[in-house]
Amino acid sequence: MERQFKVFRYDPESSKKPYFQTYTVDVQKSWTILDALNAIKWEQDGSLSYRRSCRHGICGSCAMKINGKNELACELQVFTLKGVIKVEPLPGFEVLRDLVTDMDRFFGHIEAVKPWLIAGLSPTDKERLQSPEDRKKLDGLYECILCGACTSSCPSYWSNDDFLGPAALLKAARYCFDTRDEGFHERMDVLNSRNGLWRCHTIFNCVEACPKDLNPTEAIVRLRARLAAEKI
Amino acid sequence: MKFDRGHGSGGLNWWLMQRVTGILLLPAFLAHYIVTHIGTEHFVTYEKVAERVATPTWKFVNIFFLSLVILHGLYGVWSVLLDGWARKPVLRITLYSIVVTVGLALFVLGLVTILPFKA
Ligand code: FES
């Protein structure tokens, strides 16, 4: 079956402004958007640039805006969409080329919340054990694949990209609510800063955009409650 | 790229203040509306309002109401500015000074109207 794809193109080395290029692809029933992009790149236009790696919704490389919504190209099947399919880079990030965006700032913000277990000063040569109940408390927090779909859908981030953003705050929650972690106070300085937790306006775009059905807004609200409880 | 945490107001305390004043403003607005428009018989007249506003209790209530409105409203404005406009330090300090000056000016204007008021 033939389907048309209207793909965002931009080459920083040419003087041409960004534009959309339409490709017609003979797709198979089981194809994802990524399969179609691969077919374009391998059979029609080798100059098309995009990121992909795992092809299984795990690495988070292939997030892009498809028909107006942030999606993982490797998870979204072509047959679920009608008409011409519009493919654009993630909004809110600087476009480097075609569908490739600059994720530098995004990962800088993830790093700022110290996304690792801060388990006190007592070194141990054993594993730090956690009960199944305590482990369960991390459900909905640990599954983030860092694709950037949430942060890129956040209007607060669009207007101020110094804002930590939902992905970094979800990552902070993943460690702050880990019963083995003792780093909440270490992270508080960043979370309670002007560009931290308080710039979220509970718009819920991040919840809608997350391809893993996570809820960064809820994580932000829980972090706020914990911060307020610690400070007051 | 390193995270820019930013300095100055915008943390927990101000955020909480915005929520608390918001919650307090709801019954305050309701009380104001009932007392002014429903509690009075027939029409609102200058004499009726003036008589009430001149009492010490109502002076206190009105100053409290004024403080809530100014704090809540202007922090709202500052919050919008922080969301995108006030990115560069010089611009941010200028806008912050304007917001604070406007707030103080409105508060003083309110005080000089409410405190010496006689029926
Ligand atoms: S290619 Fe890895 S998530 Fe899509």
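1. Between chain A and chain B the count is one salt bridge, a term that here means a side-chain nitrogen of Lys or Arg within 4 Å of a carboxyl oxygen of Asp or Glu. The model is predicted, so local features need pLDDT of at least 70 and side-chain atom pairs count only at pLDDT 80 or more, whereas totals for chains, interfaces and linings use all residues; side-chain values use heavy atoms, without hydrogens and water. Residues are numbered from 1 along each chain as its sequence is written, and chains are lettered from A and ligands numbered from 1 in the order in which they are written.

2. Which side chains form a salt bridge across the two chains? Arg199(A) and Asp83(B) meet in this way, at 3.1 Å from N to O. Side chains of opposite charge can pair when their charged atoms come close.

3. The contact of the two chains draws 25 residues from chain A and 18 residues from chain B, where contact means heavy atoms within 4.5 Å. About 2,100 Å² is buried between chain A and chain B, 50% of it on carbon and sulfur atoms; buried area is the accessible area (1.4 Å probe) that two parts lose on being put together, summed over both. On the chain A side, Arg194(A), Trp198(A) and Arg199(A) lose the most area to chain B, together 35% of what that side buries.

4. Over all chains, the count comes to 16 salt bridges. One joins the side chains of Arg105(A) and Asp161(A), at 3.4 Å from N to O. Arg105(A) belongs to helix H2 of chain A and Asp161(A) to the loop between helix H5 (155-159) and H6, so the pair ties together parts that are 56 residues apart in sequence. Helices (H or I, at least four residues) are DSSP runs, numbered from the N terminus.

5. Helix H2 (residues 104-112) of chain A packs against helix H6 (residues 166-176) of chain A at about 25°, with axes 8 Å apart. Axes are lines fitted to C-alpha atoms over the stretch in contact, and angles run from 0 to 180 degrees between N-to-C directions. H2(A) and H6(A) are therefore roughly parallel (angles under 35 degrees count as roughly parallel, over 145 as roughly antiparallel, 65 to 115 as roughly perpendicular and the rest as oblique). Phe106(A), His109(A) and Ile110(A) of H2(A) make the contact with Ala167(A), Ala168(A) and Lys171(A) of H6(A).

6. How are H6(A) and H9(A) placed relative to each other? H6(A) and helix H9 (residues 216-231) of chain A pack at about 55°, their axes 9 Å apart, and they are therefore oblique to each other. Among the residues that meet are Leu169(A) and Leu170(A) of H6(A) and Ile220(A) and Leu223(A) of H9(A).

7. In chain B, the axes of helix H3 (residues 56-85) and helix H4 (residues 89-114) come within 10 Å and cross at roughly 165°. That makes H3(B) roughly antiparallel to H4(B). Residues in this contact include Trp78(B) and Trp85(B) of H3(B), and Phe107(B) and Gly110(B) of H4(B). The contact residues divide into 18 nonpolar, four polar and two charged, with Ala, Val, Leu, Ile, Met, Phe, Trp, Tyr, Cys and Pro counted as nonpolar, Asp, Glu, Lys and Arg as charged, and the others, Gly among them, as polar.

Definitions and conventions
Helices (H or I, at least four residues) and strands (E, at least two) are DSSP runs, numbered from the N terminus.
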